[in-house]
Amino acid sequence: MSEQLVDRFGRVHTNLRISVTDRCNLRCIYCMPEEVVFLDREELLTFEEIARLVRIGTGLGIDKVRLTGGEPLLRRHLPRLVQLLAAIPQIRDIGLTTNGLLLEQLAEPLYQAGLRRINISLDTLDPGVFRYLARRDGLDRVLAGIEAARRVGFAPIKINAVSIRGITEKEVIPLAHFAREKNLELRFIEYMPIGADRWERQKVYFAAEIVAQLEKAFGPLEPLTSDPSSPALEYAYADGGRVGIIASISRPFCHHCNRLRLTADGKLRHCLFALEETDLKTLLRGGADDGTLRRAFVDCVAGKWEGHEINTARFIKPPRTMHTIGG
Ligand code: SAM
Ligand code: SF4
């Protein structure tokens with residue numbers, strides 16, 4: 001058996017999330033500050049550098065990647081990266097997480113390049129709430145992006161909705177109706193302390209509360225036993241279709257975590273909330289051979305902690321905000 005990315009707790013890592021840019025055309029309040037200095041272009045890993053790292057990762061068992069950011073569709077020629085990754089035989093799954101603003105134009109070329117799985121972030125169907133959360137307009141473009149993804153044939157299309165007490169409770173049912181009508185998989189995400197704002201536990205609108213709201217409107221939900229490494233709790237509606245909740249705060253899934261993250265500037269992170277990272281870009285650009293890069297992957301995973309400690313007084317918020325890590 002070839003070497004795998006196994007940490008001290010026996011977790012095998014097969015999933016790499018790759019941020020392709022820290023730039024964004026929105027400024028979601030839970031993710032990033034309003035004013036930001038973005039990375040210079042030369043600080044971003046090139047597509048060839050990303051593909052080389054993915055190839056090395058596949059030699060260690062990585063078989064699933066997801067492109068994210070910042071807003072990944074802002075990275076020029078993104079379909080070319082998808083093509084490069086799709087050509088790596090061991091990669092069996094390529095996904096993308098996007099805010100959908102540029103999807104109307106890019107859905108077709110991304111599909112042609114080999115992308116099949118897409119997650120689109122949509123927290124509300126109310127333009128005013130959208131503007132408040134994203135600090136920009138854009139709901140119409142996101143909806144047009146979703147339609148384009150459906151037309152082109154992406155499957156599954158998942159909708160990610162961050163859930164924040166006092167802001168998004170009234171979005172739950174309209175979003176659920178919308179997703180059910182359009183055959184989209186809706187997943188609520190508990191609000192996490194990774195943005196620029198002051199996070200407080202009482203601002204999290206918890207999974208159990210979302211389930212209670214959904215059951216009131218649609219009848220009992222049946223919990224589904226899904227892949228233990230999947231962060232989402234999945235439920236089936238009695239009349240068909242499903243809905244998920246990523247309960248990072250009330251039901252952390254750290255024990256089954258199989259993920260690593262590569263930032264747009266080439267830092268490998270063993271956790272979204274990690275306080276250390278491995279600088280692969282400096283190694284890459286310093287002429288490191290594949291064996292050295294391989295060792296860097298293995299060492300990063302070996303140093304992985306048991307899990308985030310958001311629910312304890314020990315929690316320390318990472319210095320990077322979500323848009324510079326990759327969600
Ligand atoms: N820009 C793309 C988008 O919005 O889909 C991709 C990057 S974004 C950082 C990835 C996901 O992280 C989005 O679904 C977003 O809603 C989620 N996210 C950002 N900040 C979050 C937070 N503080 N808590 C929970 N989810 C968050
Ligand atoms: Fe941009 Fe996505 Fe962050 Fe919103 S959540 S600011 S769309 S990176």
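Q: In this predicted model, does D239 count as buried or exposed, and how should I read its relative accessibility?
A: The general idea is that a residue over 50% relative accessible area is called exposed and one under 20% is called buried, with partly exposed in between. D239 has a relative accessibility of 57%, so this residue counts as exposed.

Q: With which residue does D239 form a salt bridge, and how far apart are the closest N and O atoms?
A: To read a salt bridge, look for a side-chain nitrogen of Lys or Arg within 4 Å of a carboxyl oxygen of Asp or Glu. D239 has such a bridge with R180, and the closest N and O atoms of the two are 2.9 Å apart. The two residues come from distant parts of the chain, since D239 sits in the loop between β8 (232-237) and β9 (242-246) while R180 belongs to helix α6 (residues 172-182), 59 residues apart. R180 itself counts as partly exposed, because its relative accessibility is 30%. Elsewhere, salt bridges with shared partners join D265, K267, R269, E277 and R320 into one network.

Q: How many salt bridges does a search of the whole structure find, and what do the ones made by E34 tie together?
A: The search finds 23 salt bridges in the whole structure. In one of them the side chains of R135 and E34 meet, with 3.9 Å from N to O. R135 is in the loop between α4 (127-134) and α5 (139-152) and E34 is in the loop between β1 (15-19) and α1 (47-58), so this pair ties together parts that are 101 residues apart in sequence. The side chain of E34 also meets that of R136 in a salt bridge, here with 3.3 Å from N to O. This second pair again links distant parts of the chain, R136 being in the loop between α4 and α5 and E34 in the loop between β1 and α1, 102 residues apart.

Q: How exposed are R135, R136 and E34?
A: R135 counts as partly exposed because its relative accessibility is 26%. R136, at 29%, counts as partly exposed, and E34, at 37%, counts as partly exposed too.

Q: Which residues of α6 are buried, and what covers them?
A: In α6 the buried residues are V172, I173, L175, A176, F178 and A179. Their cover includes α5, β5 (157-163), β6 (185-190), α7 (207-218) and β8. Following α6 in the chain comes N183, whose phi is positive and near 60 degrees.

Q: How many residues surround ligand 1, and which are the closest?
A: Ligand 1 is surrounded by 19 residues, the closest being Y30, G70, E71, S121 and M192. A nitrogen atom of ligand 1 lies 2.8 Å from a backbone N or O atom of Y30, and a nitrogen atom of the ligand lies 2.9 Å from a backbone N or O atom of M192.

Q: Which residues surround ligand 2, and what classes do they belong to?
A: The residues around ligand 2 are C24, L26, R27, C28, C31, M32, G70 and N99. Sorted by class, this shell has five nonpolar, two polar and one charged residues.

Q: Where does N15 lie, and which residues is it in contact with?
A: N15 lies in strand β1, and it is buried because its relative accessible area is 7%. Setting aside neighbours within four places in sequence, N15 is in contact with I62, K64, N258, R259 and L260.

Note on methods:
Residues numbered from 1 in each chain as written. Chains lettered and ligands numbered in written order. Predicted model: local features only at pLDDT ≥ 70, side-chain atom pairs only at ≥ 80, totals over all residues. Heavy atoms only, no water. Near = heavy atom within 4 Å. Nonpolar A, V, L, I, M, F, W, Y, C, P; charged D, E, K, R; others polar. Helix = DSSP H or I, 4+ residues; strand = E, 2+ residues; numbered from the N terminus. Buried < 20%, exposed > 50% of the residue type's maximum accessible area, 1.4 Å probe, protein only. Contact = heavy atoms within 4.5 Å. Polar contact = N/O pair within 3.5 Å; in protein donor to acceptor, adjacent residues only side chain to side chain.
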